[in-house]
Amino acid sequence: MVDLSTTVGDLSLPNPVMTASGTAGHGAELASYFDLAELGALVVKSLSVMPWAGNPAPRVVEIAGGMMNSVGLQGPGVAGWIEDELPALRDSGARVVASIWGRTVEEYRQAADALLEVQDDLLAVEINVSCPNIEDRSKMFSHSAESASAVLEATQSIRIPRWAKLSPNVPDIAEIAHAVWHAGANAVTLTNTLIGIVLDPVTGKPVLGGGGGGVSGQAIRPVTLRAVYDVSATYPDLPIIGVGGIAAAEHAVQYLRAGASAVQVGTATFENPRATHKIAKDLGRWCREQGVERITDLIGTAHV
Ligand SMILES: Cc1cc2nc3c(=O)[nH]c(=O)nc-3n(C[C@H](O)[C@H](O)[C@H](O)COP(=O)(O)O)c2cc1C
């Protein structure tokens, strides 16, 4: 029997496979496909302090090896989520990770404070800093060590672990990872989507209603895997959750070997709603076939 349990910092998980934020709904949407309690954890779509309408349609477009989205963080707001979505998630037995976003440091602070009353129902809070900072010419928080750190400092009312979700579009992601770690993040989630754009060749206009968007899926895996590899090489003690283009157990193994303690599955869920669950199961099978007794034996082995 393979031991699939892992830890992210001080947090124990029965297996290392979670859903990626924004790709598994706000609540228990995937419960009709598999038992949510069998996942390492379920990360829900990022929430802001207020309800948010998101971007105009079309919001997604298929590209070679993946997709591009410009959903624009549509959501019910933290209070609406607590009332309408959390009860079903609680009943499902899922280990729930909430995710928050904001347009200003103050909005992150408010979103964090709004979650305090339900902290006991949550495993962790992922702080999605891959969002435009409207107080800094809409530069992404995660593109600046200073802004990303300010968000972590503003959310320290949260007493459960906080994971900082970073963007890959930076020259030195290890520098940003170190900054948020120093500012209180218990782990970093690497990474969010790559920024991109698809233009209509006839009109010259962007295909997505929001203009540009975030590129995800298998096409981005070498880039996001490299982010994990580089951060782990520089800061081997910083817990990392790897995400980007994972569509099979073998992809998850690459992330673990690169230094991630756990992984998240996003775009693969749109092709197969059971993907996250299947990858968790297949990981056990892969380890058995390869004679790996404990999944943790794989973590960071690329650097040995
Ligand atoms: C439609 C869609 C919506 C997303 N929404 C969020 C979100 O709300 N918050 C967040 O942190 N990441 C969001 N992401 C990014 C994913 O969580 C993940 O980091 C990224 O897609 C890379 O993983 P993948 O290649 O497995 O999809 C979204 C991705 C997609 C495709």
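Modeller: S157 counts as exposed because it has 11 C-beta neighbours inside 10 Å (12 or fewer is exposed, 20 or more is buried, in between is partly exposed, with C-beta atoms placed from the backbone). Mind that this is a predicted model, where local features need pLDDT of at least 70, side-chain atom pairs count only at pLDDT 80 or more, and totals for chains, interfaces and linings use all residues. Residues are numbered from 1 along each chain as its sequence is written.

Biologist: Where does S157 lie?

Modeller: In the loop between α4 (145-154) and β11 (162-166); helices (H or I, at least four residues) and strands (E, at least two) are DSSP runs numbered from the N terminus.

Biologist: And what does S157 touch?

Modeller: Leaving out residues up to four places away in sequence, A112, D113 and L116, where contact is C-beta atoms within 7 Å.

Biologist: New topic: at what angle do α7 and α9 pack?

Modeller: About 75°, with the axes of α7 (residues 249-258) and α9 (residues 275-290) 8 Å apart. That makes α7 roughly perpendicular to α9 (65 to 115 degrees; under 35 is roughly parallel, over 145 roughly antiparallel, the rest oblique). Axes are lines fitted to C-alpha atoms over the stretch in contact, with angles from 0 to 180 degrees between N-to-C directions.

Biologist: Which residues meet there?

Modeller: A249, E250, A252 and V253 in α7 meet I279, D282, L283 and W286 in α9.

Methods: Two residues are in contact if their C-beta atoms, placed from the backbone, lie within 7 Å.
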